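This briefing covers a protein chain and its ligand.

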Amino acid sequence: MKNEEFLNKVKKEIIEGNKDEAVQLAQRAIAEKMDLTEVIEKGFIPGIKKVGQLWEEGEYFLPELIRSAECMKAAMEIMQPELEKAQIDVRSAGKIVIGTVEGDIHDIGKNLVASILSANGFDVVDLGADVKLETFIEKAEEVNANLICLSALLTTTMTGQKKLIELLKVKDLYGRFKVMVGGAPVNQKWADDIGADGYSENALAAVSTAKKLVEK
Ligand code: B12
């Protein structure tokens with residue numbers, strides 16, 4: 001099967017929510033030593049984005065959305081250890097505390113960002129999804145983190161990113177930990193408006209932004 005054909009098949013299985021098939025394709029990508037970041041960025045992500053679009057258009061309902069999300073998660077769980085194995089640098093590039101802000105349970109993108117950062121030599125503490133803002137700060141202090149990474153997928157929970165920065169200011173910790181924000185509704189303007197130190201559109205871009213922020 002040609003590369004493009006394989007990527008189209010990945011996309012199709014995610015859109016149709018065929019878990020076994022998606023898992024098999026993830027296993028095959030590993031076995032055949034394909035470039036997993038390419039498989040994810042050009043197959044799995046376009047698939048789940050299409051699902052979001054179908055849902056928005058009223059073609060898909062919540063059960064289909066959940067089915068495709070579970071399918072995506074199962075395949076990602078198989079690929080994540082492999083992504084982390086590809087660790088490039090054994091020295092720590094910096095300590096990162098990452099999570100999805102409170103009220104928001106989306107964690108597929110956050111998990112991907114965490115895995116890729118970890119694969120690129122960062123020590124990553126993943127707090128999971130629906131994380132209380134105080135918890136990010138407590139953990140960052142506990143592990144002496146360089147960077148706090150906040151994911152938000154809902155326009156209603158994006159405000160959690162803003163609140164966290166306000167909380168850092170109140171606690172006189174603004175500047176001690178750099179803050180990088182991301183998630184589908186987030187953009188550079190939002191990051192600038194709320195006083196975040198960095199923003200990245202995707203997991204790969206997050207690595208170079210994180211490196212710059214840690215070096216600053
Ligand atoms: C899968 C999915 C779900 C799954 C989540 C499963 C899971 N465990 O994550 C389920 C079915 C549970 C779900 C639930 C809901 N969802 Co939903 N969901 C999606 C969907 C289809 C895909 C999200 C996804 O995983 N994308 C793939 C990943 C890889 O991409 P990503 O998350 O954007 O992450 C990338 C970048 O954003 C970036 N990034 C992400 N985080 C971070 C963090 C940092 C620091 C950085 C630098 C970068 C970064 O890097 C990632 C990799 O490239 C989106 C549609 C979409 N287009 O986003 C809707 C979407 C986000 N959901 C939506 C909604 C409304 C909901 C619900 C409220 C539905 C409901 N009525 O119950 C609930 C929310 C419940 C809650 N309280 O959180 C809306 C949000 C609308 C809005 N404007 O707020 C969307 C946009 C759908 C739509 N088109 O309307 N959802």
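Donors are N, O and S atoms within 2.8 Å of the metal, and water is not among the atoms, so sites may look incomplete. The model is predicted. In it, the cobalt atom of the ligand has a single donor from the protein, NE2 of His106, at 2.3 Å. The ligand itself sits in the largest pocket.

- His106, the single protein donor to the cobalt atom, is placed in the loop between strand S1 (94–100) and helix H5 (108–119).
- His106 is also among the closest residues to the ligand, together with Ile105, Asp107, Ser151 and Thr155.

- Glu56 places a polar side-chain atom 2.9 Å from a nitrogen atom of the ligand.
- Gly103 has a polar backbone atom 2.9 Å from a nitrogen atom of the ligand.
- Asp107 has a backbone N or O atom 2.7 Å from an oxygen atom of the ligand.

**Shell around the ligand**
- The ligand is surrounded by 34 residues.
- By class, 19 residues of this shell are nonpolar, 10 are polar and five are charged.
- Elements that each supply at least two shell residues are helix H3 (36–56), helix H4 (62–85), H5, strand S3 (147–151), strand S4 (178–182) and helix H9 (203–215).
- H3 gives the most, with five residues.

**Overall fold**
- The protein chain contains nine helices and five strands.
- Read from the N terminus, its elements follow the order α-α-α-α-β-α-β-α-β-α-β-α-β-α.
- The C-alpha trace spans about 55 × 45 × 25 Å along its principal axes.
- The radius of gyration of the protein chain is 17 Å, which agrees with a compact globule, because a globule of 216 residues would have a value near 17 Å.

Conventions: Residues numbered from 1 in each chain as written. Predicted model: local features only at pLDDT ≥ 70, side-chain atom pairs only at ≥ 80, totals over all residues. Heavy atoms only, no water. Donors = N, O, S within 2.8 Å, 3.2 Å for Na, K, Ca; no water. Helix = DSSP H or I, 4+ residues; strand = E, 2+ residues; numbered from the N terminus. Near = heavy atom within 4 Å. Polar contact = N/O pair within 3.5 Å; in protein donor to acceptor, adjacent residues only side chain to side chain. 1 Å grid on protein atoms, 1.4 Å probe; cavity = no way out; pocket = protein on both sides within 12 Å on 5 of 7 lines; lining within 4 Å. Sits in = over half its atoms within 2 Å of the grid points. Nonpolar A, V, L, I, M, F, W, Y, C, P; charged D, E, K, R; others polar. Rg over C-alpha atoms; globule rule 2.2 N^0.38 Å.
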